[in-house]
Amino acid sequence: MNAIEMSNNGYLLLFHTSDWWKNLGREELEKYVAQSNEWIGQLMTSGKASGGQGLARSGAVISSKNGRSVTDGPFAESKEVVGGYLLLNVETFEEAVAIAKTAPNLGFGSKVEVRPLTDTCPAQARLEELKREEELAPA
Amino acid sequence: MNTQNQNGYMLIFRGNDWHKGLSPEEMQNVSERWMAWFKGLLEEGKAVAGNPLAPEGKIVSGKSGRVVADGPFAESKEAVGGYFLLNVDSMDEAVAIAQMCPGLPHGAKVEVRPVLAECPLSGEAVPDAQLAGAAA
């Protein structure tokens with residue numbers, strides 16, 4: 001597996017998809033695969049994408065204290081799952097969204113989630129927010 | 001469940017509301033343990049990448065991405081809060097690592113997914129023969 005350069009800047013695209021390709025014929029499928037490979041290839045070559053992979057439609061969900069609950073995939077047919085991700089190396093949210101809009105799988109019903117990478121975990125961010133509120137609160 | 005995968009595994013952390021109801025000290029504690037967990041995995045070479053995600057985002061959909069909605073939903077149990085990329089060979093090992101997530105006792109969930117060699121959009125959208133090869 002290619003090691004991916006660690007970065008706290010940039011954006012993550014998450015591709016949410018059902019298994020719509022099951023309804024495509026062989027030719028359509030090959031055309032789509034070629035299109036998406038080209039899309040990714042261009043983004044990687046230009047340096048706008050720093051990595052990305054597809055995810056198998058199977059897996060497990062861990063939950064509850066100590067992770068006792070382990071629910072196996074595969075996921076139910078036509079359920080929307082994260083089918084893959086792409087790490088973008090662009091400067092602005094607008095640019096990341098503009099790239100997301102060109103994803104070839106959108107025409108088939110997939111959705112693309114665009115999220116900024118950060119180095120602060122959500123709990124830490126919330127903590128800092130609380131501290132700021134405390135400082136601003138009247139004595 | 002001991003499937004092998006040469007391309008590694010992705011941990012997707014779900015739930016962006018698990019820290020609600022925790023005291024600042026508890027939040028600090030979980031946050032520090034999560035960071036230490038990640039650093040340890042990096043040092044062992046079991047993780048190769050990971051990031052928290054900022055809470056704001058957009059969801060693009062429709063032909064040519066003409067619909068751009070705010071996302072993810074606030075306080076959702078499914079919202080993606082971050083990810084790790086693991087460099088381990090078996091689902092068992094990936095699950096064992098996921099079970100150590102410090103957010104679990106507070107309601108976070110961890111999704112464990114095998115990474116494919118195929119492109120991120122096609123994912124499993126490949127002819128059956130190729131798919132069989134990738135899954136081997």
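This is a predicted model: local features need pLDDT of at least 70, side-chain atom pairs count only at pLDDT 80 or more; totals for chains, interfaces and linings use all residues.
1. Overall fold. Chain A contains 3 helices and 6 strands, and these follow one another along the sequence in the pattern β-α-β-β-β-β-α-β-α. Of the 139 residues in chain A, 38% are buried. Where contacts in chain A link residues at least 6 apart in sequence, 76% of them join residues at least 24 apart.

2. Geometry of helix 3. Helix 3 of chain A covers residues 122-136, and its 15 residues should span 21 Å at 1.5 Å a residue. The C-alpha atoms at its ends are 21 Å apart, which agrees with that expectation.

3. Burial of helix 3. The buried residues in this helix of chain A are Pro122(A), Ala123(A), Gln124(A) and Leu127(A). Their cover includes three elements of chain B, namely helix 1 (24-43), strand 2 (47-52) and strand 5 (80-86).

4. Extent of the contact between chains. Chain A contributes 63 residues to the contact, and chain B contributes 63 residues. On the side of chain A that touches chain B, helix 1 (residues 26-45) gives the most, with 7 residues. By class, that side of chain A comprises 35 nonpolar, 19 polar and 9 charged residues.

5. Strand pairing across the contact. Strand 2 of chain A (residues 49-55) pairs with strand 6 of chain B (residues 109-116) in the antiparallel sense, over 2 bridges. Within this pairing, Gly54(A) has Leu116(B), in strand 6 of chain B, as its bridge partner.

Key:
Residues are numbered from 1 along each chain as its sequence is written. Chains are lettered from A and ligands numbered from 1 in the order in which they are written. Helices (H or I, at least four residues) and strands (E, at least two) are DSSP runs, numbered from the N terminus. A residue is buried if 20 or more other C-beta atoms lie within 10 Å of its own, exposed if 12 or fewer, and partly exposed in between; C-beta atoms are placed from the backbone. Two residues are in contact if their C-beta atoms, placed from the backbone, lie within 7 Å. The expected span of a helix is 1.5 Å times one less than its number of residues. Ala, Val, Leu, Ile, Met, Phe, Trp, Tyr, Cys and Pro count as nonpolar, Asp, Glu, Lys and Arg as charged, and the others, Gly among them, as polar. Two strands pair if DSSP finds at least two bridges between them.
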